[in-house]
Amino acid sequence: MSFEINGKSFSQSPRLGQCLRTFLRELGHFGVKKGCDAGDCGACTVLLDGEPVHSCLIPAFRADGHAITTIEGLAPEGHVHPMQQAFLDAQGFQCGFCTAGMILTCASLNQAQRQDLGASLKGNICRCTGYRPIEDALNGKINIEDAAAGHAFGRSLPAPAGPQIVRGAARYTFDTQIEGLLHIKMLRSPHPHAKIISIDASAALSIPGVHTVLTFEDAPDRLFSTARHEWDWMDPDDTRVLDNVVRFIGQKVAAVIADTETAAEEGCRRLRVAYEILPAVVDPVAAIAPGAPVLHGDKTAEHRVTNAQRNIVAETQGEFGDVAKALAEAAVTYEGTFTTQRVQHAALETHGGLAWIDADGVLTVRSSTQVPFLTRRTLADLFNLPSDKVRVFCERVGGGFGGKQEMFVEDILALAALKTGRPVKFELTREEQFTSTSTRHPMRVTVKAGADKDGKLTALQLDVLSNTGAYGNHAGPVLFHSVAESLGVYNCPNKKVDAVAAYTNTVPSGAFRGYGLPQALIAVEAAIDELAKQLGISPFDMRRRNVVKPGDPMLSPPGSKYHDVMYGSYGLDQCLDLVERAMAAETPKPVLPAEWLTGDGIALTMIDTVPPAGHFADSTMSLRADGGFDLTVGTAEFGNGTSTVHLQIAATALATTLERIHLRQSDTAHGGHDTGAYGSAGTFVAGRATQAAAEALADQLKNFTASLIGEKADACSLDGDATVCAGRRTSYAEIAASAQALGKTFTAVGSSAGTPRSVTFNVQGFRVAVNKATGEIKILKSVHAADAGNVANPMQCRGQIEGGVAQSLGATLYEEMVIDEGGRVVNPRFRDYHLPSFADIPRTEVVFADTSDALGPMGAKSMSESPYNPVAAALGNAIANATGIRFVDVPLKPDRLHPLLYEKYGS
């Protein structure tokens, strides 16, 4: 066979049954990504004779005699294709994992296809951007700006990794080749609850290429949590690397390690496992009822499980004032019960990693993770290794959304590397991602609310039942967070909370963007609207009369022992005003038939800028011999944009440009510590550390230069590539040389402990049309106002907001992981799980409040999670306004709306 790839001929022959994607990657074309291996996401797109195809669906031998173009060959060596440049100019990417495939598809479109981008791009999914910047790229729009030295902060500067991303040169977890690599495949439980009696591995071990089989007998007999937090006490110790009891369909049973994935998969098929089937419970209401099957009967308070015998992993109760009395005396009241579903993170890069023992005996793990430092700590504990004998690092991460604040693969990788002494690879399939990792917590939320005749809230009560699945990773923190800011944003003298997180024999829940707030806000914000409707007050004014203002306590029962949340800035009033004006502005109105009902809705959210109890980050800056700078941070980049922001902060503090700073990140071998890229802490916490390091280094440079010429340091300033003292410029390269001659180097360390914390505010507005005959929903207008403090990078921050709105719309309108009565995930693939595509997402008008945060780096606040939070609530309010019906079960699919619409309006 002969293959022409990027204009060059290759004589290698693919293996029997090999798809074109894996064949191309084995030849070193790492821009061809794996997102689904089912032709659903487009991450593997290549051009075959100029036409875009999903290479995961093409048998490699069928490309014989055809011209294949990957992203690496779209332009000649050393050049950039116009579409690649367009994506750079528009910054049409965030994590970048989908970008190569997206660019190739866009580059192939003719003018006719460009007229219907919804159809033309339906085969390419982007989970991050919300698609607007991709459309901008196709339209030739330039979104990036330049910045003079010292003025980087606040400018829409491009991501430094952009050129590598659009050329397919940015390296993700598996974009490397390692000699002697072994492959791991897992046998997973077919039962929702069972005890493993025995595992016969003899047939598996007889397969050529199979090296070993690992079972619970080979794994550490220690309990931990897959959830990664700074403090272990935040999560229950209820999980083992490999357990002799399985508690959900998809749980790890045994690992087969072989020379090839094919041999490892066959080894899994030949394992013989004897199970003792145990009773199971998949419904959280049934799970906490007396007599229900117990999932973790051996766990106690010592393991941080609240009541194992009732399957209650965590709970919280409390009351301020007298809610029952206040409800009885209120002028108006509302009560409703709302349910939310399981949602998959659907990051296009699945969980996975590589592990090996290096020449110094260090266990090294290269992983797709948001938390390398916390993962290293747990691996060292589990395997009784000194922390300096464990290294965890990540390259660029292909999306996270909270799902990679877990340790789902690194423990198996470490076990396999230590047992075999060989480098090993473990990459989850898309189906495993659905059935064996984590989801958003499904919740049932009952709200009771009351107000007086003037629209002042007198009572707020939340009853929450959260389904944490088979294990309690993040169960408590998500539960506590769901009832915190959702109530704390409103002044009300009487508040009550009764919330429980229950174990069930289903796939575990975990950390997900918003961390419990979106589920609770659907109920709380509906109650605010319903009370306003009864009183004849506008939804905007109802909120203005009740939201907290600077000086007001932000209270939620039972109260917090952490009292470090402050109003670093306050822009909620501006956000309400901005959305109200935007919604009232004259815009072209679509002509809709009579069966369409239209309405507006809003919702607001407040979120603490940092998780409680401390979130730590170290940052190091040093002057290089060539006069440039090294910046080392621990936080990971997965489309959250922190790499760009850290460089902007450092460049501004050092009065230089981004190009003069080299960034190293997310590697425990670099020293220091970083709690992790979660809880919107990448800018607010780690950014403060970078600012401190950069400012300290600036002081060092000024002091040293002043000492050389006998001036005072306050007479010196920094200017681009030099210090200026008494009118004399001394380049940084000269300073480095002078210092070296004196045996001196310039290094500064900055640290942040994540306290005090500030608050971020967001308001979302929608105008919708609902077809009363079918339940179809059209979004006519979407407006989002954000209080982000001094916006570090307006283009990038806007992208975070648009992406959050888009992802939340998917979770509100159609995304749903369906679990059957036996606990099995019914739809574990993208094809049966509706991810938002280009045609699904409206364009959102993004506006910013004019504030500057006293606590954040250079006045900035976090803005990666919060845009997601009010979307479902605002859409629910808009639909209620349009139809006069309060729909309470999410997702708001047409078939769920239709029965009540039919009951009210007929056919």
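Strand E3 pairs with strand E5 (residues 67-69) in the antiparallel sense over two bridges. Pairing here requires at least two DSSP bridges between two strands. Strands are DSSP runs (E, at least two residues) and helices likewise (H or I, at least four), numbered from the N terminus. This is a predicted model: local features need pLDDT of at least 70, side-chain atom pairs count only at pLDDT 80 or more, and totals for chains, interfaces and linings use all residues. Residues are numbered from 1 along each chain as its sequence is written, and side-chain values use heavy atoms, without hydrogens and water.

E3 and E4 form a hairpin with two residues between them. In the turn, Asp 49 has a positive phi of about 55 degrees.

In a regular strand, side chains alternate between the two faces of the sheet. From E3 (residues 45-48), Thr 45 and Leu 47 point one way, and Val 46 and Leu 48 the other. All are buried (under 20% relative accessible area with a 1.4 Å probe, protein chains only).

Now the second largest pocket. Its volume is about 1400 Å³, the space filled by probe spheres set on its grid points, which are joined across faces, edges and corners. A pocket is an open set of points on a 1 Å grid over the protein atoms alone, where a 1.4 Å probe fits, with protein on both sides within 12 Å along at least five of seven lines; lining residues have an atom within 4 Å of a point. Of the 47 lining residues, the closest to the centre are Thr 22, Glu 26, His 183, Glu 261 and Lys 425. Helix H1 gives the most to the lining, with four residues.

Note on methods:
Buried < 20%, exposed > 50% of the residue type's maximum accessible area, 1.4 Å probe, protein only.
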